[in-house]
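Welcome! Please take a moment to look over the sequence and the structure shown here before reading on.

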Amino acid sequence: MTEHFLIAWDASNADADAAAIALTADALETSWEVLINQNGWLPPDQTDTCLITVVIANLDGSSSGTGGWTNVNADA
């Protein structure tokens, strides 16, 4: 867990050791720092009360997709 992110993985389908998780956490927090704190982007909805969950998985082509939800503003 970091200030803004919850990182999860299933050891049976993702080869993630402590160093890989730490590198991922650093990259995510650096992205937050640059995009939101430095560039002034608005943080995602509800991140003032909830962490953003990031799941590390090995998608070998047998998966139907990455899951998740995205909302696109077609008027922007």
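## How confident is the model?

Keep in mind as you explore that this is a predicted model. The protein chain has an average pLDDT of 82, and 74% of its residues score at least 70. Confidence is highest in helix α1, which covers residues 18–38 and has a mean of 94. It is lowest in strand β2, residues 52–56, where the mean is 86. As a reading tip, where pLDDT is low, the predicted coordinates should not be read in detail.

In soluble globular proteins, nonpolar side chains tend to be buried together.

To see one member up close, find I7. Setting aside neighbours within four places in sequence, I7 is in contact with I21, T24, A25, L28, V54 and I56.

## An aromatic pair

How many aromatic pairs are there? The count comes to 1. The ring centres of F5 and W32 lie 6.1 Å apart with the planes at 90 degrees, so this pair is edge-to-face. The pair links distant parts of the chain, as F5 sits in strand β1 (residues 5–9) and W32 in helix α1, 27 residues apart.

Are these two residues buried or exposed? F5 has a relative accessible area of 7%, so it is buried. W32 is buried too, because its relative accessibility is 9%.

Next, look at E29, which has its place in helix α1. With a relative accessibility of 19%, E29 counts as buried, because the cut-off for buried is under 20%. The side chain of E29 is joined to that of H4 by a polar contact of 2.7 Å. Leaving out neighbours within four places in sequence, the contacts of E29 are T2, E3, H4 and F5.

Beyond its neighbours within four places in sequence, L35 is in contact with G40 and W41.

Conventions
Residues numbered from 1 in each chain as written. Predicted model: local features only at pLDDT ≥ 70, side-chain atom pairs only at ≥ 80, totals over all residues. Heavy atoms only, no water. pLDDT = per-residue confidence, 0-100. Helix = DSSP H or I, 4+ residues; strand = E, 2+ residues; numbered from the N terminus. Buried < 20%, exposed > 50% of the residue type's maximum accessible area, 1.4 Å probe, protein only. Polar contact = N/O pair within 3.5 Å; in protein donor to acceptor, adjacent residues only side chain to side chain. Contact = heavy atoms within 4.5 Å. Phe/Tyr/Trp six-rings, centres within 6.5 Å; stacked < 30°, edge-to-face > 60°.
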